[in-house]
Amino acid sequence: NELKVSQLAEEQETRAIRDDLANLEKSLETERKRNEEYLTSLRYLQADFENYRKRVEKDVRDLKESSTVGFVNRLIPVMDNLELAVASATKAEDKGLLEGVKMVQKSLVSALEAEGLQKIDAVGMPFNPSMHEAVDKVQGKDKGEDTVIEELRKGYTFKGRVIRPSSVKVELAAKHEAKAAHRQEAAEGSI
């Protein structure tokens with residue numbers, strides 16, 4: 001009898017241990033799932049924060065650039081006036097004034113170029129409406145491209161973006177002359 005009671009007690013104890021072990025395994029699995037959810041959530045938060053940090057850095061760069069563009073735009077007329085002063089001093093043959101103004105002009109141009117300002121090449125270049133503003137046109141005889149023959153006001157780009165187009169005089173290619181003559185003939189024929 002005692003043996004049966006002892007075996008029964010051991011079986012009950014074994015069942016209790018198995019039940020406890022099963023409950024612990026369930027709890028462990030639940031905690032593992034919860035841990036994985038927390039880890040996934042943390043990874044998303046890290047990615048969101050990294051994207052936010054990059055966006056803020058870009059916004060700060062854009063803000064600095066836009067404020068610099070405004071400042072550079074205000075300095076371009078100063079450069080224009082310095083060029084006029086150099087031209088005037090050259091005509092007046094005032095060497096001292098001319099050298100002084102040239103030094104100031106060179107310093108200003110150098111500082112602006114260091115910030116990203118670049119002069120647009122115009123004379124001798126094909127006309128480009130995104131870089132050049134045609135203020136005068138003359139008919140040419142060559143059948144090539146429309147070409148800039150004179151720059152009336154310098155144009156500038158700032159960090160690759162046009163902030164003031166060059167005001168230019170354009171020599172129109174001969175193809176425009178043929179088109180104009182064709183239009184003229186068509187107009188006369190319809191009368």
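A: Seven bridges join β2 to strand β6 (residues 166–172), and the two run parallel. The model is predicted: local features need pLDDT of at least 70, side-chain atom pairs count only at pLDDT 80 or more, and totals for chains, interfaces and linings use all residues. Residues are numbered from 1 along each chain as its sequence is written, and side-chain values use heavy atoms, with hydrogens and water left out.

Within this pairing, V138 has E171 of β6 as its bridge partner. Strands here are DSSP runs of E with at least two residues, helices are runs of H or I with at least four, and both are numbered from the N terminus. Two strands pair if DSSP finds at least two bridges between them.

The sheet is open and has three strands, in the order β2-β6-β3, with mixed pairing. β2 (132–139) and β3 (147–153) are the edge strands, each pairing on one side only. Neighbouring strands are turned by 30° against each other on average, direction ignored. Axes for such angles are lines fitted to C-alpha atoms, for helices over the stretch in contact; angles run from 0 to 180 degrees between N-to-C directions.

Next, the loop between β2 and β3, where G140 lies. G140 counts as buried because its relative accessibility is 3%; buried means under 20% relative accessible area, exposed over 50%, partly exposed in between (1.4 Å probe, protein chains only).

Lastly, a helix residue. D80 sits in helix α1 (residues 2–92). D80 is buried, at 18% relative accessible area. Leaving aside neighbours within four places in sequence, D80 is in contact (heavy atoms within 4.5 Å) with Y156 and R164.
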